[in-house]
Amino acid sequence: MPAPIVSLEALTSTTTFDQLLATAKSAGCTSPSCGSSEKPDDLDPVVWERIKDHPCFSEEAHHYFARMHVAVAPACNVQCNYCNRKYDCANESRPGVVSEKLTPDQALRKVIAVANEVPQLSVLGIAGPGDACYDWKKTKATFERVAREIPDVKLCISTNGLALPDRVAELADMNVDHVTITINMVDPEVGAKIYPWIFHGHRRYTGIEAARILHERQMLGLEMLSARGILTKINSVVIPAVNDEHLIEVNKWVKERGAFLHNVMPLISDPAHGTHYGLTGQRGPNATELKALQDRLEGGAKLMRHCRQCRADAVGLIGEDDGQEFTLDRIPTEVTYDASKREAYREVVAHERRDHMAARSKAIGMLKAAGSGKSLLVAVATKGGGRVNDHFGHAKEFQIYEASPRGITFVGHRKVEQYCLGGWGEKGTLAAIIAALGGIDIVLCAKIGDCPKDQLAEAGIRASDAYGHDYIETAISALYAAELSVQPLAATA
């Protein structure tokens, strides 16, 4: 079986699970289900308890915890112009794509195998490749089986919302506490440009009528979830010249109806994907346009900025996908759940998160005390754990942070092709990475060679490996202090 996705040794410098547990217990943590007692300042303690281990609902949690999706729901009741559900497609990383469809029994087998080998696993989601609420019998059967075997795994679904109102009561009965609804419009005239048809009440609808029905059902489902206290995340796909400006109105509507998060994400549009938008040349927003729209939405529904638009069979930390390591042909026919790795990991993470939260609070305090109007965009190469711990040449994405007197804010990510393969870097790849990092002031990484460092500098982007393995916020605060010529914070190892 594959090794854990993020090395526990990287977090604790221990080499065995016995040492791992000893480290956790010596830090004063003895409960196998514990988490950090610290919380972000802007969150209610009750809400924090519900999201602290959910990597999609908490930006802080996504540094430590993994999700997996099981592809048990292939049927769909809405056609979207940006969607083409594909099967046996290992090389595309986008929603609606899977390598294999699963029965509920196969899904349980896969979840147990992943839970045994990926100690970071905290969430099981069903995100298609069709619609989890429409293909309900398979969704429900899967959740019932998993809840029986691994009761501490959080269950959540993603849905287009059309069939959602019919499922809210059962979702609540199964303790499904997190639901994602894709809502791209609140005006049916806009919706008619996005959805060719829907299937509802045993018949097909098209055009504005279809969009109106979908809109009404989405709002009803959101209101029903909010009334039951179920946390909702709204996904909206940014489609330039179709709904980009309209999403400001969408944000207002979903906030008024109790949405917890609003995830505004870019259209993925490539002719090779075979979608309507891809084949007709509809472009997606660039990174600058996406950030500008997200910035305009600040003050409305709370924004999620760390989404990676996962496949319907994704496994691992957000930003990574090791689903191909857990296809059915690689999993034993008989599997028995062993909780030891997950329990040990949670104990160590509880200690690590307390340390990280304290360092983050100190770093943000320094920025706020600086009192300058200067803002910096910083790209960080990280493998997880909230640290600057990936080599520039190994990175497949950079996490983007904005530092200003308001603090340090995660604002997005930039996917790139890995530069260094087999010890050598490709000039064309480096040029593409530099282009992807347009607008960035500084790149932080654990290591970087002279060649890429010099070429980044020629493009006006500084790069530093002086803060390798420090907490991201500590490193950024030190950089910010250097920019203002004030006393920096000491690095924390």
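Student: Among contacts between residues at least 6 apart in sequence, what share joins residues at least 24 apart?
Tutor: In this predicted model, 72% of such contacts in the chain join residues at least 24 apart.

Student: And what helices and strands does the chain have?
Tutor: The chain holds 15 helices and 20 strands.

Student: How many of the residues are buried, as a percentage?
Tutor: Of the 493 residues in the chain, 56% are buried. The accessible surface of the chain is about 20,200 Å², and carbon and sulfur atoms account for 49% of that surface.

Student: Which residues touch the most other members of the largest nonpolar core?
Tutor: Those are Val70 and Leu124, in a core of 57 residues. Helix H4, which spans residues 104–117, contributes the most to this core, with seven residues. Apart from this core there is another one of 32 residues, including Val47, Cys56, Val78 and Cys307.

Student: Why would nonpolar side chains gather like that?
Tutor: As a general matter, nonpolar side chains in soluble globular proteins tend to be buried together.

Student: Back to Leu124, then. What does Leu124 touch?
Tutor: Leaving aside residues up to four places away in sequence, Leu124 touches Met68, Val70, Val111, Phe143, Val146, Val153, Lys154, Leu155 and Cys156.

Student: New topic: how many aromatic pairs are there in the whole structure?
Tutor: A search of the whole structure gives four aromatic pairs. One of them joins Phe392 and Phe398, whose ring centres are 5.6 Å apart. The planes of these two rings stand at 40°, so the pair counts as tilted.

Student: Are Phe392 and Phe398 buried or exposed?
Tutor: Both Phe392 and Phe398 are buried. Together with Tyr419, they form one aromatic cluster.

Student: What kind of pair do Tyr401 and Phe410 make?
Tutor: Tyr401 and Phe410 make an edge-to-face pair, with 5.3 Å from centre to centre and 85° between the planes. Both Tyr401 and Phe410 are buried as well.

Student: Which residue lies over the face of Trp197?
Tutor: That residue is Arg204, at 4.0 Å from the ring centre of Trp197. Elsewhere, Arg387 places its charged end over the ring of Tyr471, 4.0 Å from the centre of that ring.

Student: Turning to the backbone, where is there a cis peptide bond?
Tutor: The peptide bond from Gly128 to Pro129 is cis, and its omega is near 20°. Pro129 belongs to the loop between strand S5 (121–126) and helix H5 (136–149).

Student: What about Asn175: what is its phi?
Tutor: Phi of Asn175 is near 60°, which is a positive value in a residue other than glycine. Asn175 is in the loop between helix H6 (168–173) and strand S7 (178–182). Asn175 is exposed, at a relative accessible area of 63%.

Student: And where is His202 found?
Tutor: His202 is in the loop between strand S8 (197–200) and strand S9 (203–206). Phi of His202 is also positive, near 70°. With a relative accessible area of 77%, His202 is exposed.

Student: Last one: what is the mean pLDDT of the chain?
Tutor: The mean pLDDT is 83, and 84% of the residues reach 70 or more. Over residues 1–17, however, pLDDT stays under 50, and the model has 38 contacts beyond four places in sequence for that stretch. For residues 87–92, pLDDT likewise stays under 50, and the model has 19 such contacts beyond four places in sequence.

Notes. Residues are numbered from 1 along each chain as its sequence is written. This is a predicted model: local features need pLDDT of at least 70, side-chain atom pairs count only at pLDDT 80 or more; totals for chains, interfaces and linings use all residues. Side-chain values use heavy atoms; hydrogens and water are left out. A nonpolar core is a set of buried Ala, Val, Leu, Ile, Met, Phe, Trp, Tyr and Cys residues joined through side-chain atoms within 4.5 Å. Buried means under 20% relative accessible area, exposed over 50%, partly exposed in between (1.4 Å probe, protein chains only). Helices (H or I, at least four residues) and strands (E, at least two) are DSSP runs, numbered from the N terminus. Contact means heavy atoms within 4.5 Å. Rings of Phe, Tyr and Trp (its six-membered ring) pair if their centres lie within 6.5 Å; planes under 30 degrees apart count as stacked, over 60 as edge-to-face and the rest as tilted. A charge sits over a ring if NZ of Lys or CZ of Arg is within 6 Å of the ring centre and within 35 degrees of the ring normal. pLDDT is the predictor's confidence in each residue, from 0 to 100. Accessible areas come from the Shrake-Rupley method with a 1.4 Å probe; for residues, only the protein chains shown count as cover.
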